[in-house]
Amino acid sequence: MSMHHTEKNYQAAASMAWQALDSHYKQMRYLHLRDLFADDPLRGQRLVANAGDIFLDYSKNIITAETMALLVGLAEACHLKQKIAAMFRGDVINVTEQRPALHVALRMPEHAELKLDGINIIPGVHAVLRRMAAFSEQVRQGVWRGYTGKRIRNVVNIGIGGSDLGPVMAFEALRHYSQRDLAFHFISNIDGTDFQEVVGRLSPDETLFVVCSKSFSTLETMTNAQSARQWLVAKMGSEAAVAKHFVAVSTHAEAVAQFGIAPHNMFEFWDWVGGRYSLASAIGLSTMIAIGPDNFYALLAGFYGMDEHFHTAPLAENLPVILGLLTIWYNNFFGAQTLAVLPYDQYLKRFPAYIQQLAMESNGKQVTVDGSVVNYQTSPIYWGEPGTNGQHSFFQLIHQGTKLVPCDFIGFCQSLNPLGNHHDLLMANFFAQSESLAFGKTAQEVKADGVLDHLVAAHVFPGNRPSNTLLVKCLTPATLGQLLALYEHSVFTQGAIWNINSFDQWGVELGKVSAQRIYNELQHADPVLAHDSSTNSLIDRYRQMK
């Protein structure tokens, strides 16, 4: 069969599956979770799934068994299984950059095999991991010493995007497991305040900088790295100090050497790893120094466990697939614009920001893989905060506002910091919120509480606000790896069904290029400005007030 026919058949099958879901949605939109639960007393035990240490209850969604069957049918019509296999095989699925997306290779065990251009890439992955482990242990044990012979007390990660969000999220998430006589800091913003507020309180002779940039030319990262270099040399009085206080995570050995970092202090990664998928690579070096190699390997094992589940489990029992399909259900049929990620664990305070980049940089696209403009919604806006803080800020809108906001609640049965009755109170809120969102409170129930008639309407909770509940025994490096891979593959599932490329990010380029031109105009008062009238007058005002 010709490629053209294959594509036509694919589109026809996908179109039929969309239409079937659209007809089904027209019946479902009038159903209420109160009735769905009343009609099926075992619903809360049936609409659940398990993978590794993660238990998913998705019963509080506006769905029936038929909905899930139709969603799985859509996934099949969009060749999800074949697309998953293509990623794990190392096919060139990132079509605009002509490369595979092989972050899954970063977490494969040493005995695994994955060939790229006929060469098994897994030994190279593990060679870098071993170098990272040896270096981490030297820093942790005080063997690696600074220029004056003092041991390292501060590790500063300099990166941006995935080279910052991954390390900072993982450090905060696994802080419980970190070595406490080492302090970890993160500089990402090009705003000088970010730099000054971090280095202002550090001793240069006890500080190690980890500079993370694939090309070693990222504007923000290299501006901050050069400032760090100048700060260090000024304080230490010698260029030779650089080699003892800087290491690089990069693919550009020449630029790293020019900076003054010895080649054996460069940890490499590969162009088949996208920034937002790079935590499991050498980008995770600061995380490994914090938690130690054994815990880092446990994190990788958690990732790998979920990778294998995604790769092999039937679609209907596949956790990332279920999450991805439910996101499509609300995004493309109910018209929900956003999705809230709500971890009930203070250690996961940077988790929503990490998931935000993962989802929105991956699937914030307007063309399909063949370059056609889409005529449907792609990625929702992901956002969130840890519970219970969010309850006292934006939950009002989720409960009683006019927007539909599907929620993912993430909770842990055991606290890493048991303190009196704190954890039971935290988890009581966790269970109460999803229950209240689903079932609400009717006018009749409000009246029964004795609320005055003219205040009844304000006290009514409509309910029927959908949520997923992810319940895990305890937050460990392994369970964090599972959670991260779960969201990665949910995002992949969504992209596969929208038929977009989840692995490029051209949307970050245009502003970067414009900024470079404007930078030159801000440096000198004379260049004639040739922007629009708004930008011209704003630049003029800035130049006068500068």
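In helix H15, the residues Phe351, Pro352, Ala353, Tyr354, Ile355, Gln357, Leu358, Ala359, Ser362 and Asn363 are buried, where buried means under 20% relative accessible area with a 1.4 Å probe and protein chains only. Helices here are DSSP runs of H or I with at least four residues, and strands are runs of E with at least two, numbered from the N terminus.

Before I continue: this is a predicted model, in which local features need pLDDT of at least 70 and side-chain atom pairs count only at pLDDT 80 or more, while totals for chains, interfaces and linings use all residues. Residues are numbered from 1 along each chain as its sequence is written, and side-chain values use heavy atoms, leaving out hydrogens and water.

Ten of the 13 residues of H15 are buried, so the helix is largely enclosed by the rest of the structure. What do the buried residues of H15 pack against? They pack against helix H7 (162–173), strands E10 (338–343), E11 (381–383) and E12 (407–412), and helix H20 (477–498).

Consider Phe351 in particular. Leaving aside neighbours within four places in sequence, Phe351 is in contact with Met169, Val341, Pro343, Ile410, Leu483, Leu484 and Tyr487; contact means heavy atoms within 4.5 Å.

Of the 133 residues in the largest nonpolar core, Trp272, Trp329 and Phe351 touch the most other members. Such a core is a set of buried Ala, Val, Leu, Ile, Met, Phe, Trp, Tyr and Cys residues joined through side-chain atoms within 4.5 Å. H20 gives the most to this core, with eleven residues. A second, separate core of 26 residues includes Ile158, Trp231, Leu232 and Phe259.

Notes: Buried < 20%, exposed > 50% of the residue type's maximum accessible area, 1.4 Å probe, protein only.
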